[in-house]
Amino acid sequence: MSEKVKVTIDGITVEVEPGTTILNAARQIGGDIVPPAMCYYSKLEGSGGKCRTCIVKVSKGSEKDPRPMPKLVASCRTTVMDGMEVMNITSPEVLEARAGVVEILLINHPLDCPVCDQAGECDLQNLGYEHGLQKTRYEFERRTFERIDIGDKIQLHMNRCILCYRCVFTADQITNKRVHGILNRGDHSEISTYIQTAVDNDFSGNVIDVCPVGALTDRTFRFKNRVWFTKPVDAHRDCPTCSGKVTLWYKGADVLRVTARKDIYGEVEEFICNTCRFDKKKTDDWVIEHPTHISDASVISSNHYETMIPLPVIQENLRLQEANKVELEKTAKF
Amino acid sequence: MARKLLLEHINVPGINTLDVYRQKGGYRAVEKALKTLTPDEVVEEVKKSGLRGRGGAGFPTGMKWSFLAKPEGVARYLVCNADESEPGTFKDRYLMTYIPHALIEGMIVSSYALGAKTSYIYVRGEMMPQIRILEKAIAEAKAAGLLGKNILGSGYDLELYVQPGGGAYICGEETALLESLEGKRGNPRIKPPFPAIAGLYGCPTVVNNVESIAAVVPIINESGDEYAKIGIGRSTGTKLISASGNLVRPGVYEIELGLPVEEFIYSDEYCGGIANGKRLKATVAGGSSVPVLPANLTLKLANGEPRLMSYESLSEGGFATGTMMGSGGFIAFDEDQCIVRNTWNFSRFYHHESCGQCSPCREGTGWMEKVLHRIEYGHGKMSDIDLLVDVSRKIEGNTICPLGDAAAWPVASAIRHFRDEFEWHVREPLKSQETNYGIAKYAEPIAKAEVTTEN
């Protein structure tokens, strides 16, 4: 076995396997120092390096060669070296550059969150919330495309796409035939199917889950409900093609949609097949396990509680404030 | 007359044919290298010559070759980058059109040095005549036993192929070129791994510019030490400069590195001065991606010494007062040219050519283009100028490949040196549509220019 290497990220040291990327090393530490990632997807080989939101500063290259790296690097594609020192949220340069990337990602984004199905579980929304400007400096007409129905289950809304290439990698690696890809060049590039061929494949629905924004949406769920009004529940079934482990999104007694289970970075744990995703929308089809754990900071969990306003007695008492820390943080967050 | 190494026999009739080329001493380098030198000795000669990559970055070629990984049983490739598409650069096309055997000879010697059994010349798609010329020249060389199996009885085999590209500027970036050569979409790869470790088809690969490969021929003929005597400091040898713009005699010139810029522009041996008796306003010294300089900083360094045509002297002063050698696309602007319009034109080019893979370049180039268009056509605002600087800073250094930097530098430098002209366009929206800003103080001696450097 090869020896582990030491890497320090924002002053926190962690030992990781050689060949780990900075981003994955940061995920082993966890917390606020994890750089945001819009295009990197740990389950998809070759993804990452494109959106540039995960850029970090390497202030010391390694133990052997302590020179800092001349440019900010994409943490999702840069492997760690022994003794490497990385600055993420402790470097104003990184935060400024990241804010710049977020601004640039948003200039051609329609910002139609009020009518977008992804709102509430959108990576770009979260990113914009944390790093974005209050007001855009872009005063030109935004790039627009026609909406395309690719197959009867998936709709492509190219205006919202940030060209992360995740869905291309998914189709390449999960399904056995890719029929969509990137057409054109520069800011005219678009995800599209060749001569409008329908994406029709047992696992094609996974492109909806990997899409960080609302560009690829589930036509069976489209405009049915806001995600924060639905209640997620983990469930499984015996599926001959996939693992059958899913999250059901309930509104009242109805299953409005089925997705794969996602981890705290919004990545699916296991890809699921289209039968589970689109055709099994009755409670009878599933064995219910338990409510899905949703991070307190997520807007999806916010609506499940009556109130977030702390009672006056808590606001005055330090001990009670300590006891209700999580709730109070949530109040501050929203 | 200064020494010519690449273009010495360029005016000999029929030099594009193998017979005439051989009469003039062609393919001596192949015979010398394959019969008397080992591959490592060839690499050593190139290292000694101090030859620096002629494609733009100026990385020492010998060093690049010595980084090539040599695992057992894995093929190695040499790829010649003839995807010359930088606005203002046309030297490789000239070389391939008129003296194609110089490139083929260089390819044979370089492939031998690197141990490549298959080599490719990736030519930009628009250069169809040059592709035909190269293919004809390769067929001639093959018939003469200079390519194929057992070249000149040395036991060394080499197949050389010409591959037309699709005409995208981005495919001049070496990893995008390799992707395109493999038949994929020409998106630059994320480095590392570098092509020297995993390049074409995952095998170790060296990608060199046409001129760098052609320059290997005189290095082998005359030895690396002799070659290193030409030039100045770490800029050794000769360089092809594609001179264009408002010059009396634009064209491709071979210069010894270290030639003063003033001599290059004004002497009768080279460009012969500015056309129509006008005055020089600004230059782009190395192709559209390098910073633009006003006349005073082009001719003189910030400290008043003359600026020379060499890698070091052109970049003297960093981004504040310097520029770069780049690929040698020398563009001169006379007093009636509009820098704002030119910057918009360059920006439009980069907007069109951005591959769209990484977000800062994809969105940022379009943004800059739109803002510049607005200023040029008299709808600009004062705040647009700072916005442009800010956007260019957000692109620069944050992209996968150097196209982002190349798009940001001309804009940032134009505003740094010609801010007055941009402000005039905003202040006088109607007048700027009819007249030009003129030369202003851009040609005045350096003492004035130092004010710009402190900004």
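Reader: How many residues of chain B are in contact with chain A?

Author: Two residues are in contact if their C-beta atoms, placed from the backbone, lie within 7 Å; by that rule, 24 residues of chain B are in contact with 25 residues of chain A. This is a predicted model, in which local features need pLDDT of at least 70 and side-chain atom pairs count only at pLDDT 80 or more, while totals for chains, interfaces and linings use all residues. Residues are numbered from 1 along each chain as its sequence is written, and chains are lettered from A in the order in which they are written.

Reader: Which elements give two or more residues to the side of chain B that touches chain A?

Author: Helices are DSSP runs (H or I, at least four residues), as are strands (E, at least two), numbered from the N terminus. Here the elements are α15 (339-353), α16 (359-376) and α17 (382-395) of chain B, and α16(B) gives the most, with nine residues.

Reader: At what angle do the axes of helix α6 and helix α9 of chain B cross?

Author: Axes are lines fitted to C-alpha atoms, for helices over the stretch in contact, and angles run from 0 to 180 degrees between N-to-C directions. The axes of α6 (residues 100-114) and α9 (residues 210-222) of chain B come within 8 Å and cross at roughly 75 degrees, which makes α6(B) roughly perpendicular to α9(B) (angles under 35 degrees count as roughly parallel, over 145 as roughly antiparallel, 65 to 115 as roughly perpendicular and the rest as oblique). Among the residues making this contact are B:L103 and B:M107 of α6(B), together with B:I213 and B:V217 of α9(B).
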